[in-house]
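I opened my notebook to follow a few elements and see what surrounds them. Here is the model, and my entries follow.

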Amino acid sequence: MTEQEILQKVQDIVVDELDVEASDVTLTADIKDDLDADSLDVFEIMNELEDELDLKLEASEDVRTIQDVVNYVKKELDAQAK
Amino acid sequence: MEKLKIVETASYIPPKTVTNDDLSQLMETSDEWITARTGIKERHISLGENTSDLCTKVASQLLQQSSWPVETLDLIIVATMSPDSFTPATAAIVQGNIGAVNAVSFDVSAACSGFVYGLDVVSKFMTGRQGMRAMLIGGEVLSKVVDWTERGTAVLFGDGAAGVLLENNSADSYLLASVLKTYGDQHEKLTAGQTQPLTEFPPQTSTVIHPFTMNGQAVYKFATHAVPETIIAACQQAGVTVDQIDHFVLHQANARIVKAIAKRMKQPLEKFPLNIAKYGNTSGASEPILLDELVKNGQIKRGQLLVLSGFGGGLTVGTQIIKY
């Protein structure tokens with residue numbers, strides 16, 4: 001899965017979950033500060049990504065921006081492929 | 001398919017109300033924060049009444065509503081994670097208080113799944129025993145195991161009790177399916193009342209009972225996956241579709257969890273009644289409190305299909321389908 005495909009997946013889920021515009025879900029957007037998500041929203045976004053991509057993800061404090069989410073998913077997908 | 005009729009429902013909520021604003025005087029939190037993340041506006045706290053006292057009031061109310069002679073009760077089960085004591089069982093205290101001399105009485109410990117685990121046990125007792133009568137009560141005084149300085153958990157819980165009278169004596173009410181699962185590998189994700197063994201003798205410190213701890217993300221993930229899975233399995237067992245279910249009576253842990261489950265099940269939120277705003281999470285009492293409200297206000301009617309689903313410490317989950 002390419003980074004672009006992961007971003008598309010993350011954008012779709014975030015738009016659905018947070019009821020925001022796709023154009024707001026940029027790589028630099030901070031999920032909590034810019035997209036107004038709370039901790040349960042982040043749990044649910046991770047939940048949806050886990051289900052759709054068959055991964056195990058944790059909602060860590062290190063994952064703040066959309067870029068962080070994409071990087072995290074890419075890292076887990078790469079680890080799974082090995 | 002087991003013949004099992006919920007004959008009566010009743011509840012008792014202790015009168016002391018604690019609002020989110022009250023809690024914000026005790027700890028760094030606010031009504032807005034609690035409401036947005038949990039759906040809880042207030043909870044009731046028991047002052048001077050223990051779990052058996054709440055359950056005894058429910059038991060007396062149930063008997064009064066039914067006019068059943070107390071000696072005709074064959075079984076009393078109390079589902080609780082906050083019993084009065086390690087022994088005797090809270091159910092035994094209730095049995096003594098109401099004089100149900102013929103009722104075998106014991107507790108079920110399955111935290112927030114306690115009521116559905118208890119209902120499964122009742123149904124197995126009733127198999128082949130035409131006319132058997134049982135009382136199942138979920139009762140909690142969680143305020144005695146809450147750390148009132150820990151805002152992550154203190155805002156969540158409340159006290160209360162509710163129960164049902166059940167009878168194997170009907171041709172029109174059934175337990176259609178029961179699916180219970182336990183995930184003991186995740187037992188540390190939600191704990192309360194942990195005790196410690198002695199490390200020296202004679203002991204130099206007094207006994208300590210630990211308050212609630214919870215891994216919020218793990219419990220959220222568990223609930224939003226395990227509950228839909230057991231609902232689907234129960235529907236298959238019952239031979240009904242999810243769309244045919246009239247009411248999903250879910251454990252009231254968090255309004256956001258219930259809404260996430262409704263979304264995952266692709267069912268309208270209107271079929272998932274919520275009363276957590278008034279009571280908080282009352283663990284084993286939450287489903288019967290909600291059930292009693294829905295029966296008393298006429299939303300649940302005879303002949304309807306109900307899902308009862310509990311989930312929580314253990315981690316445990318259970319779903320039943322009842323033709324009410």
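**Strand 5 of chain B**

I began with a pairing: B:L75 stands opposite B:A134 in strand 7 of chain B. The model is predicted, so I kept to local features at pLDDT of at least 70 and side-chain atom pairs at pLDDT 80 or more, while totals for chains, interfaces and linings use all residues. Residues count from 1 along each chain as its sequence is written, and chains are lettered from A and ligands numbered from 1 in the order written.

Strand 5 and strand 7 of chain B pair in the parallel sense over five bridges (pairing takes at least two DSSP bridges; strands are DSSP runs of E, at least two residues, and helices are runs of H or I, at least four, numbered from the N terminus). Five bridges also join strand 5 to strand 6 (residues 104–108) of chain B, again parallel. I found B:D107 in strand 6 as the bridge partner of B:V78.

How many residues of strand 5 of chain B are buried? Five of the five are, so the strand is largely enclosed by the rest of the structure (buried means 20 or more other C-beta atoms within 10 Å, exposed 12 or fewer, partly exposed in between, with C-beta atoms placed from the backbone). B:L75, B:I77 and B:A79 point one way, B:I76 and B:V78 the other.

**Helix 3 of chain B**

I noted B:L54, B:V58 and B:L62 among its buried residues. After the helix comes B:S67, with a positive phi near 65 degrees.

**A:S39**

I placed A:S39 in helix 2 (residues 39–53) of chain A. A:S39 is partly exposed, with 13 other C-beta atoms within 10 Å.
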